[in-house]
Amino acid sequence: MAASSSSGESADMREAFGDTLVELGHAYPTMIVLDADLHTSSKATRFRDAFPHRFIQVGIAEQNMFGIAAGLALSGFIPFPSTFAAFATRRALDQIAISICYPRLNVKIPGSYVGLPTSRAGASHNCIEDVAVMRAMPNLRVADPGDDADLRAIMHAAIEVDGPVYFRIARYAAPALFGPGHKFEWGKGVVLRDGDDVTLFGTGIMTGHCLLAAELLADSGIKAQVVHMASVKPIDRDLIATCVARTRCAVTAENATISGGFGSAVAETLALTLPVPLRFIGVPDRWADSGGIDELFAYHRMRPADIAEAARQVIALKSGLLTR
Amino acid sequence: MKLVAEELAQLEERAYQIRRLSLEMITNAKWGHVGGSLSMAEILAVLYWKAMNVDPEHPMWEGRDRLFLSKAHGSPALYATLALRGFYPIERIYTYCELGGFEGHTDMHRTPGLESSGGPLGMGLSVAVGAALAFHLKGNPRSRVFCILGDGELNEGNVWEAAMSSAHYHLDNLIAIIDYNKVMAKGFVWELMSIEPLAEKWQAFGWDVIQVDGHDVGELTAAFHRAKWVNPRGKPIVIIAHTVKGRGVERAEFSHEWHTHAPSAAIADQMLRELALNFGRPEIGYSRLDREEEKETFYGGE
């Protein structure tokens, strides 16, 4: 397992995004990619170069881009309106909600530059609230991939279903979790490591941190189960309940705000099935800030060591050694 | 393109019926937008009986022209139009604002003939741009995309993003219609946020501009003919239709009080009789007057 400091200009998830766009473009002749002046950053350039007549440049006008995407979908095309997550889910939220999600249009929305790793762009570009916001949209599926293979599988699964999808792309070289034959299923989580003492539910690039945390915990004799849940909506309620029925405590980890996001989705499930000690790892209720990626992970207490510490706390709570 | 007197009279009759049914459904629902529905009756009549190529028997026919109602609060007038044009039986308009029925704004999955869902202002023209681009991508040079916008919603920045892109993509298959009824929800447009000089704005954004009296079915017919067959030369076309908010009922004319306001059954009865007199039709009141006793009483609201 690579260390968590592997961000930077080397191959990050955007490469897999650009390549998979082209791959899908060959398979789906009605696929259209729209861009709002960010294609070299998102790597949508590769689709433009391969299919210039199915690439629509809208300029810096995200609201218009999502409206145009709705019009294309109504006409039988499969649009991928591509921009940074911050500009999709903040600037164009009304268009996404009412022009796309409400009528269940077949639009696939990639949100790039999510969470902490955005190359020092700062709070305005580190989109941390997109998971919470998009999870609140009826009819919309939401996925946060753990690595390149997962992103590719999610993009395939996105175009295979009829209806709106939101998926995240981190500017981050996530350590590989899966092999090239990896399949993604909506509403299904994957157990990556088994253990009886605590369940670590990870989504997006934070699943890698959960695996590192499990190693740290193993050093002190704690057996942590690690579950990757790229499908944030629908979420795998059965798997959450099954895992926690055994471990009786859990930690969630996400590359986003902890207010209303993936951790909240897990908590909602557990509240209905089996309330247990639970801790949330993610950006606390504050803006993300500029900084180096390791610096930011430390500042927001999202390092593997922070996940391990949260795991020790919920285990102590479960054992009655600690009170809430 | 001139119409004979009989055709003009038929279109005027359609507009009259659209007004009647709009008032009927708003009164029945105890909610809705009177002013903005009455102002676009002639626009819808000319679109659905003259300008647009649609087939009520096959509402999803690929070659049809598309209409996007950006001012989706005017849905009563569109629901009335689609009923009269044969997309569904007229009785269905009374599901307007009922649970599971026709939506207060627009839900394309609830009403046959609707091309999109909407409600928040300023968003429809972008959807129309997408549909117009789609015709280009499919190599369809014949079908047209129409989009009706309100005047107040021209305050929204999204409209001008869409306007800029329409000219950039040379969408001469796109025809926008401004229902310029001069009044928005809380007052006059010029009082709350002026949009003038309007024709010059659209021209500056690269559009071909046609201005008409939006209550004159002859002028509207000629304008749509020009927009479809004479003017297209690489530029999108906007028809600025000068209208009267609440047209046909004196108390509602140019009044923001009747922007979102449902008449009581008794007032609706008066309004419909007045409408009949103003348009030279036999005096008929509110058809559901006798049913009102059974219903909860709440009038107005937003």
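**View 1. Residue G280(B), which follows helix α10(B).** The phi of G280(B) is positive, near 65 degrees. The model is predicted: local features need pLDDT of at least 70, side-chain atom pairs count only at pLDDT 80 or more, and totals for chains, interfaces and linings use all residues. Residues are numbered from 1 along each chain as its sequence is written, and chains are lettered from A and ligands numbered from 1 in the order in which they are written.

**View 2. Helix α10 (residues 265-278) of chain B and its buried residues.** Helices (H or I, at least four residues) and strands (E, at least two) are DSSP runs, numbered from the N terminus. The 14 residues of α10(B) reach 20 Å from first to last C-alpha, close to the 20 Å expected at 1.5 Å a residue (1.5 Å times one less than the number of residues). Buried here (20 or more other C-beta atoms within 10 Å of the residue's own, C-beta atoms being placed from the backbone) are A265(B), A268(B), D269(B), M271(B), L272(B) and L275(B). They cover an arc of only 165 degrees around the axis, which puts them on the same side of α10(B); the arc is that of the directions from the helix axis to the C-beta atoms. What covers them includes α1 (5-29) of chain B.

**View 3. The open sheet of chain B, in the order β1-β2-β3-β7-β6.** Its five strands pair in parallel, a pair needing at least two DSSP bridges. β1 (66-69) and β6 (208-213) of chain B stand at the edges, each with a single partner strand, so one side of each lacks a neighbour in the sheet.

**View 4. Strands β1(B) and β2 (residues 145-150) of chain B.** Four bridges join these parallel strands. F68(B) stands opposite C147(B) in β2(B).

Methods: Buried ≥ 20, exposed ≤ 12 C-beta atoms within 10 Å, placed from the backbone. Contact = placed C-beta atoms within 7 Å.
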